[in-house]
Amino acid sequence: MGEIIEAVGGGISSGDAKTNRYFILTQGVSESSVESLIKDIHEINRYDNEREKKEVGFKRKPIELVVNTYGGSVYDGFALVSEILMSKTPVHTICQGKAMSMGFIIFLAGHKRFMTPFATLMYHEISTFEWSDVTAIKRSVEEAERLAKIYDDYVLKRTNVLPDKLADVKEKRMNWFIGADEAKKLNMCDELIAC
């Protein structure tokens, strides 16, 4: 697909952002692991916007993002999701191994989504932990419920999953592992990559 660049802090930020459009997220989703990815997607869009103004018939070359993570911070994951969704330059997400929890949410953000037959996605209810006074715990629960609604609404909007399925997963307190064929049927990925 694209040229591989050396990984820095979970994302890739090396060389010329105008020509390097292949990135890998392999670390847990955190502020530091998404920072360079957000910056690079933003820089590529700025570059493409300038070229679009100057070149008649300019066609944006897609950004490729391999998502291979167990997940992590909901806040930081949604920062990367927002950058992907705002990107005028198409971002193609690719899962070759795993895209779990917040990694699954990032994978779903792709303008076009690819999986190999060996790839696994995983959805589960978001989790939180607060060890404090009762008022702080109540605030933490309210915030977790707010984030859970955003998380679930996003999954429902970007796939063919029905609300009852998500409710069932949460009621059973389970991790829902999704292989490539099931993901394709549920419109979680657009294309399966032959290996």
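Predicted model: local features only at pLDDT ≥ 70, side-chain atom pairs only at ≥ 80, totals over all residues.
Local features were taken at pLDDT of at least 70 and side-chain atom pairs only at pLDDT 80 or more, whereas totals for chains, interfaces and linings use all residues. Residues are numbered from 1 along each chain as its sequence is written, and side-chain values use heavy atoms, with hydrogens and water left out.

Two packed helices are described by the angle between their axes and the distance between the axes. Here, helix α1 (residues 31–54) and helix α2 (residues 74–86) have axes that come within 9 Å and cross at roughly 10 degrees. The two helices are therefore roughly parallel to each other (angles under 35 degrees). On the α1 side, Glu31, Val34, Leu37, Ile38, Ile41 and His42 meet Asp76, Ala79, Leu80, Glu83 and Ile84 of α2, contact being heavy atoms within 4.5 Å. Of these residues, seven are nonpolar, one is polar and three are charged.

Ser87 lies in the loop between α2 and β5 (91–95) and is buried, with a relative accessible area of 6% (buried means under 20%). Its side chain makes a polar contact with the side chain of Asn45 at 2.8 Å. Beyond its neighbours within four places in sequence, Ser87 is in contact with Ile41, Asn45, Ile63 and His111.

Thr26, in turn, is found in the loop between β3 (22–25) and α1. With 41% relative accessibility, Thr26 counts as partly exposed (between the buried limit of 20% and the exposed limit of 50%). Thr26 and Gly103 are 77 residues apart in sequence, with their C-alpha atoms 9.4 Å apart in space.

Notes: Axes fitted to C-alpha atoms, helices over the stretch in contact; angles between N-to-C directions. Helix = DSSP H or I, 4+ residues; strand = E, 2+ residues; numbered from the N terminus. Parallel < 35°, antiparallel > 145°, perpendicular 65-115°, else oblique. Nonpolar A, V, L, I, M, F, W, Y, C, P; charged D, E, K, R; others polar. Buried < 20%, exposed > 50% of the residue type's maximum accessible area, 1.4 Å probe, protein only. Polar contact = N/O pair within 3.5 Å; in protein donor to acceptor, adjacent residues only side chain to side chain.
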